[in-house]
Amino acid sequence: MIFLNTIALILMIIGALNWGLIGLFQFDLVASIFGGMSAVFSRIIYALVGLAGIWGITMLFRRDGHDESGK
C-alpha cells in the first residue's frame with residue numbers, strides 16, 4: 001500500500017506542477033513532451049494523474065492505525 005501511495009503522490013505532484021505551469025505561463029509541459037493534448041500518451045498521463053487525485057482523496061480519510069497524536 002505504501003508503494004501505491006508513493007506513486008499516487010508522485011503523479012499528483014506532476015499534475016500540480018503541470019497545472020502551475022498552465023496557470024502561470026500558459027504552457028502545458030505534458031502536452032509539449034508527449035505530442036499535444038490529444039496524443040494517446042498525453043491522455044494516459046492525464047488519466048493517471050486524475051486517478052492519483054482520486055486515490056489522494058481516499059488518503060485523507062484513511063487513518064492507517066495512527067491517531068492524531070502520532071501514537
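**Helix packing and the nonpolar core**

The buried residues of helix α1 are Asn5, Ala8, Leu11, Gly15 and Asn18. The model described here is predicted. Helix α1 runs over residues 2-25, and its end C-alpha atoms lie 34 Å apart. This separation agrees with the span of 34 Å that its 24 residues should give at 1.5 Å a residue. The cover over the buried residues of α1 includes α2 (29-34) and α3 (40-61).

In helix α3, the buried positions are Ser42, Ile45, Val49, Ala52 and Gly56. Viewed down the axis of α3, these buried residues fall within an arc of 80°, so they line one face of the helix. Val40, Arg43, Leu51, Ile54 and Phe61 are exposed on the other side of α3. The buried residues of α3 are covered in turn by elements including α1 and α2. As for the length of α3, its 22 residues should span 32 Å at 1.5 Å a residue; the end C-alpha atoms are 33 Å apart, in agreement with that expectation.

The largest nonpolar core has six residues in all, namely Ala8, Leu11, Val30, Ile45, Val49 and Ala52. Helices α1 and α3 each contribute at least two residues to this core, and the largest share, three residues, comes from α3. In soluble globular proteins, nonpolar side chains tend to be buried together.

The side chains of Asn5 and Trp55 are joined by a polar contact of 2.8 Å. Asn5 and Ala52 are 47 residues apart in sequence, while their C-alpha atoms are 8.7 Å apart in space.

Trp19 is also part of helix α1, but its relative accessible area is 64%. Because exposed residues are those over 50%, Trp19 is assigned as exposed. The C-alpha atom of Trp19 is separated by 9.0 Å from that of Leu29, a residue 10 positions away along the chain.

Terms used
Residues are numbered from 1 along each chain as its sequence is written. This is a predicted model: local features need pLDDT of at least 70, side-chain atom pairs count only at pLDDT 80 or more; totals for chains, interfaces and linings use all residues. Side-chain values use heavy atoms; hydrogens and water are left out. Helices (H or I, at least four residues) and strands (E, at least two) are DSSP runs, numbered from the N terminus. Buried means under 20% relative accessible area, exposed over 50%, partly exposed in between (1.4 Å probe, protein chains only). The expected span of a helix is 1.5 Å times one less than its number of residues. Contact means heavy atoms within 4.5 Å. The arc is that of the directions from the helix axis to the C-beta atoms. A polar contact is a pair of N or O atoms within 3.5 Å; within protein, one must be able to donate a hydrogen and the other to accept it, and residues adjacent in sequence count only if both atoms are side-chain atoms. A nonpolar core is a set of buried Ala, Val, Leu, Ile, Met, Phe, Trp, Tyr and Cys residues joined through side-chain atoms within 4.5 Å.
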